[in-house]
Amino acid sequence: MLRKVSFVTSNVHKFEEAKAVLTQFDIELVQIPTPISEIQSDDLREIVIYKAMEAAKVVDPPFIVEDTGLYIGELNGFPGPYASYVYKSLGLRNILKLMTNISNRSAVFKAVGAVVYRENVFKIFESSVKGTIADSIRGGHGFGYDPIFIPSGSTHTFAEMVLEEKNRCSHRGRLFRKIGSFLTQVI
Ligand code: IMP
């Protein structure tokens, strides 16, 4: 493999998903699990740009940072970019309780990534996947909201899919395919 790129994330699941995609572009992805301070914002791009600036203090380019939000339509986009806090504080069971008697269960997963490919030079990428929130917690793969998110066109939650299947249709799979084709042009 010719190209080596760092992914600054403490989340090993995100790393494994991204690595599987970038391998297809002959890019070797290396996990940098160093915790990076984050801001709270309504805007995923703002969060990612801040993360990139913080990571740049400790990591050499080329590197990637990423942030994800889950937007549930009938809950006015809740939890959005606060998905991590809500997952930790409420948990999946309570999120499903919030949705009792809600028949429109549409939701969108959005992922934003920043690729810092030279000193102080970066590009932002965005991807999303539409789907629905399941009625119950299903499946043992993946992480986070995977057991309650069913991508459009499937009857399975992400947690009922193996990594390759999830990557084919997920927000992160799509994001890293964009990032992979960009990286092959610039590094
Ligand atoms: P963050 O990008 O690490 O801030 O993630 C926000 C929240 O969404 C965390 O609770 C993650 O566990 C969750 N999350 C991020 N990506 C995914 C995914 O691909 N599937 C399910 N949950 C995710």
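Helices (H or I, at least four residues) and strands (E, at least two) are DSSP runs, numbered from the N terminus. The model is predicted, so local features need pLDDT of at least 70 and side-chain atom pairs count only at pLDDT 80 or more, while totals for chains, interfaces and linings use all residues. Residues are numbered from 1 along each chain as its sequence is written, and side-chain values use heavy atoms, with hydrogens and water left out.

**View 1. Helix α2 and its length.** Helix α2 covers residues 44–56, 13 residues in total. From its first C-alpha to its last it reaches 18 Å, close to the 18 Å expected at 1.5 Å a residue; the expected span is 1.5 Å times one less than the number of residues.

**View 2. The buried side of α2.** The buried residues (under 20% relative accessible area, 1.4 Å probe, protein chains only) of α2 are L44, I47, V48, K51, A52, E54 and A55. They lie on the same side of α2, because their arc around the axis is only 165°, taken from the directions from the helix axis to the C-beta atoms. Their cover (contact: heavy atoms within 4.5 Å) includes β1 (3–8), β3 (63–72), β5 (106–118) and β6 (121–133).

**View 3. The buried side of α1.** In helix α1 (residues 12–23), K14, F15, E17, A18, V21 and L22 are buried. These residues cover an arc of only 165° around the axis, which puts them on the same side of α1. Among the elements that cover them are β2 (27–32), α5 (163–169) and α6 (171–186).

Conventions:
Buried means under 20% relative accessible area, exposed over 50%, partly exposed in between (1.4 Å probe, protein chains only).
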